[in-house]
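Hello,

Here is the structure I promised to pass on. Please load it first, then read my notes below.

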Amino acid sequence: MWFLCVFYHRLLDFRKPEVEALAELFGEDESLQWRLPEHHHNDTPFHFVHLSSEEIAQNIAKRSKYDSFSPHLSSFSLFLTRNGASVGILVKGMYELWGEGTCYEELKDSIESFPDSRKLPFLASDSTFRISVETFGKALTFDEQRERINSLTYIPFDGKVNLKNPDHNFFIMEMDESEENNGLQPILQRRIFFGREAGFADRKLLPAFQLKSRTYLGPTAMDAEMAFLMANQAKATSGKLVYDPFVGTGSILVSAARFGAMTMGADIDIRVVRDGRGPDCNVWSNFKQYGLPMPVALLRMDNNLPPWRSGLNEIFDAIICDPPYGVRAGGRKSGGRKILRGTVDPYTVPEDKRTDHIPSTGAYSLVECVHDLLHLAARMLVMKGRLVFFFPVLRDENGSEVKFPEHPCFKLVAVSEQILSSRYSRVLLTMVKVEPYSEEVEEAARLMHLEFRENHLKWLEEGNIHSSVFKPSDPSQIHADTKSFKDPKPKYRGKYV
């Protein structure tokens, strides 16, 4: 069945990968087919998607099946789950399209040609309905909306109107031709859609989990919307174990737990995972705040020297993380500068000093960090498990192709760019484990890493990322008036937010 999928106009690269991950989570066997409305650009909020059933379309737009995943949920969390808290964070709604056209005359002909067998069950006298008008890139007055609704008299609605809680919702969606439409490419021709709502999104979830109301925050806490998107691309759900090796204040794990997953995290800074800012302001407090199940464990662990037993493999269903890449926080690994340089030998901390000991750490470049992350995921993820992580990218004016890290165990299934400034962006990489881990595979991965490390841009080395992002490209701009300086690159609203 073809459905009209209407997106929120933000984070454009994340929209389709989220829907594709959720469709697979809810039982869609084959890869999704997409097509654009006539005369529409790829960044339009309107897309047609082919799904095997209306139930999958409903589940993508909302989640209402998790009110029993934990007996410990607070009344606040139960309210969100039972009222269809949003799953498709960027999906506004899914609609069974009854007709479309460039004008209301064409729309009428299209609706009348839609099979009666598909229409009549939703027009019966014992049902209630509501018709709403939505627009993109324009605004309509109340009288204009009423005029458009009254033009649908040729549709045999036999039921009663119910504006508060109808059995069926119908929508007129209109997009006018214009030279510029919320940052989109020019729309060459007006397009009008009419359809029945199959599923809707309730974005009450986002303000409820916004960072400004979070109990425990750090400088690298992941925005709630992005954390939910990452959890969706990882297919976090009830019964799955999700791991974050750079847990920090737990923002990503909070989102995964909200979707029913069991969670586990680690961080090299013991003060973050053990102490926080006190007994009532720590990582555990964030889970308690929302009535979510507590993590299985929070470990003080070095991603460079993980303590997993040699025979321990394939225990995580998903690994979701935001590795430190040196813009807001740099990566650290155990050892300290002198030990890493070999000027002093490793030492044993005396027994009487271990309680309050803070281990020494040294610089940890992003290239080494990502290699260790891929090695961890190849070994510890189950087959078809997902690795979802951010990777920074300098925005090249020449448009040269970016080479991402690779591993023989993984297939890259989604690349979603979030533009952070005119200078750099970060890309969410979603990988699926398709090959089992072995020593032979690990040797091939080591050679791939050496090739990547030899050919990667030098800005990925320790200390160069921050300077590449914040240093003026033209030295003459260092003393220039920052207020008068204008970014030569045009801002693209939908990609920046």
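Which residues gather in a patch of negative charge on the surface? They are Glu105, Glu106, Asp109 and Glu112. Keep in mind throughout that this is a predicted model. Aspartate 109 sits in helix α4, residues 104-113. Its relative accessibility is 51%, so aspartate 109 counts as exposed, the cut-off being over 50%.

**The eight-stranded sheet**

Next, the sheet. Eight strands make an open sheet with mixed pairing, in the order β2-β3-β1-β4-β8-β7-β5-β6. Its edge strands are β2 (33-35) and β6 (160-161), each of which pairs on one side only. In general, strands of a sheet pair through backbone hydrogen bonds, in either the parallel or the antiparallel sense.

Two bridges pair β6 with strand β5 (residues 128-136), and the sense is parallel. Threonine 128 has lysine 160 of β6 as its bridge partner.

Now go to β8. Strand β8 covers residues 191-200, and nine of its 10 residues are buried, so the rest of the structure largely encloses it. Strand β4 (residues 91-101) pairs with β8 over eight bridges, antiparallel. There, tyrosine 95 has glutamate 197 of β8 as its bridge partner. Strand β7 (residues 168-175) also runs antiparallel to β8, with six bridges. Opposite isoleucine 172 stands phenylalanine 194 of β8.

Alanine 414 has threonine 430 of β17 as its bridge partner.

How many salt bridges are there? The count comes to 21. Two of the pairs involve β17, as follows.

Lysine 433 and glutamate 314 meet through their side chains in a salt bridge, at 3.4 Å from N to O. Lysine 433 is in strand β17, while glutamate 314 is in the loop between β11 (297-300) and β12 (316-321), so this pair ties together parts 119 residues apart in sequence. Is lysine 433 buried or exposed? Lysine 433 is buried, its relative accessible area being 0%. Glutamate 314 is partly exposed at 34%.

The side chains of aspartate 322 and arginine 426 also meet in a salt bridge, at 3.8 Å from N to O. Aspartate 322 belongs to the loop between β12 and β13 (332-334), and arginine 426 to strand β17, so parts 104 residues apart in sequence are tied together by the pair. Both aspartate 322 and arginine 426 are buried.

**Other charged pairs**

Helix α14 (residues 439-455) holds a local pair. Arginine 446 and glutamate 443 are three residues apart in this helix, which means they are separated by about one helical turn. They form a salt bridge, with the closest N and O atoms 2.8 Å apart. Arginine 446 is partly exposed, with a relative accessible area of 37%. Glutamate 443 is partly exposed too, with a value of 37%.

There is also a network of salt bridges. It links Glu54, Glu96, Arg118 and Arg196.

**Backbone and a contact across the sequence**

Most residues other than glycine have a negative phi.

Leucine 11 is not a glycine, yet its phi is positive, about 45°. It lies in the loop between β1 (2-7) and α1 (15-25). Leucine 11 counts as buried, since its relative accessibility is 2%.

Lysine 235 has a positive phi as well, near 60°. It lies in the loop between α8 and β9 (241-244). At 9% relative accessibility, lysine 235 counts as buried, because the limit is under 20%.

Finally, asparagine 232. This residue is part of helix α8, residues 224-233. Asparagine 232 is buried, with a relative accessible area of 2%.

Best wishes

How values were computed
Residues are numbered from 1 along each chain as its sequence is written. This is a predicted model: local features need pLDDT of at least 70, side-chain atom pairs count only at pLDDT 80 or more; totals for chains, interfaces and linings use all residues. Side-chain values use heavy atoms; hydrogens and water are left out. Patches are made of residues with over 30% relative accessible area and no salt bridge: like charges are joined within 9 Å, nonpolar side chains (Val, Leu, Ile, Met, Phe, Trp, Tyr) within 5 Å. Accessible areas come from the Shrake-Rupley method with a 1.4 Å probe; for residues, only the protein chains shown count as cover. A salt bridge is a side-chain nitrogen of Lys or Arg within 4 Å of a carboxyl oxygen of Asp or Glu. Lys and Arg count as positive and Asp and Glu as negative; His and the chain ends are not counted. The place of a charge is taken as NZ of Lys, CZ of Arg, CG of Asp or CD of Glu. Helices (H or I, at least four residues) and strands (E, at least two) are DSSP runs, numbered from the N terminus. Buried means under 20% relative accessible area, exposed over 50%, partly exposed in between (1.4 Å probe, protein chains only). Two strands pair if DSSP finds at least two bridges between them.
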